[in-house]
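Please have the sequence and the structure at hand while reading.

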Amino acid sequence: MEKVYGIEYSKPEVVLMQETGIGVAETAARTCYDSFLNSENEAIRYIENNIPDDATCQKINDIEESNLLHDLAWTHFHHSILEHANLSFLIRGTSRGVLQEHARHRIQAISVRSTRYTMSSVINAFVASQTTEDKEFFIEKILSFDMFVTCNAEYNRIEIGAIYDKLRYQSKTVENFNEIAVAKSSLPLLDELKGNSEALFEALEAGKKKRNVGDAFKHIITDNVKVDMVVTFNLRSLKNYLTLRDSGAAYFQIRWLAQEMMRKTPSKYLDLIIKKG
């Protein structure tokens, strides 16, 4: 947690889920120069005159250092060979504000928690609050979801109150709000549990989820809402990302993400993309 401009923010969590190693990148480089025998790695020298079997491929994938890759990265700036190494990260708890900037890095695979499919609990809380017209029920319920990167409870109450007001406005402007908000099979619950917000919320949560519920309600989402995603970068693209986003000129939240990604990236990769000293 860190306070910036008077607001406290949580920081994202990052897990390195997969890495391909640097051996294929050296293989690619030595293919360019026909220099397999010059490698310090026995498995690379072996494929000068041999097709690698599974065991050799595994040895190549296990390579931890490569003098050639270091020379190409820092002396000759032949970075295309870095594209043969890939890393996949699970990112939890960054913000939608960060997502807008993160997605500008086009050379990556990115899968993001979808507001179209994952907003049911928020909408269920609002629908349940309407049976008693209890704004405070909604605010307290959403606070329990831990869905914002902002950490100040007072500030988040303002944020959630605004979400409530938006949904309240919308509920007054469409005749079929409840049909938009909850699955058809759950509509009878609104009468059965009328006057009991907590029981109605629990019943809606246990019932069938409304398909694509976010289509009608994405307008309530702000930049402070947390985002989870899985991203895969090749090493050249990761170099670009970390160079730009771990900069003092970068937005502070994406700088936190870049720094955490860097912390979770093994040194054999960082040595090829981050200049020491």
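Arg245 is buried, having a relative accessible area of 14%, where buried means under 20% relative accessible area, exposed means over 50%, and partly exposed lies in between (1.4 Å probe, protein chains only). The model is predicted, so local features need pLDDT of at least 70 and side-chain atom pairs count only at pLDDT 80 or more, while totals for chains, interfaces and linings use all residues. Residues are numbered from 1 along each chain as its sequence is written, and side-chain values use heavy atoms, with hydrogens and water left out.

Arg245 forms a salt bridge with Glu101, that is, a side-chain nitrogen of Lys or Arg lies within 4 Å of a carboxyl oxygen of Asp or Glu. Arg245 belongs to helix α13 (residues 235-245) and Glu101 to helix α5 (residues 96-102), so the pair ties together parts that are 144 residues apart in sequence; helices are DSSP runs (H or I, at least four residues), numbered from the N terminus. Glu101 is also buried, at 17%.

| Pair | N to O distance |
|---|---|
| Arg30 and Glu26 | 2.7 Å |
| Arg157 and Glu140 | 2.8 Å |
| Arg245 and Glu101 | 3.2 Å |

Arg30 and Glu26 both lie in helix α1 (residues 23-33), four residues apart, about one turn of the helix; Arg30 is buried at 5% relative accessible area, and Glu26 is buried at 0%. By contrast, Arg157 is partly exposed at 30%, as is Glu140 at 40%.

In the whole structure, a search finds 17 salt bridges, and Glu19, Glu64 and Lys268 are linked in a network of them.

Terms used:
Helices (H or I, at least four residues) and strands (E, at least two) are DSSP runs, numbered from the N terminus.
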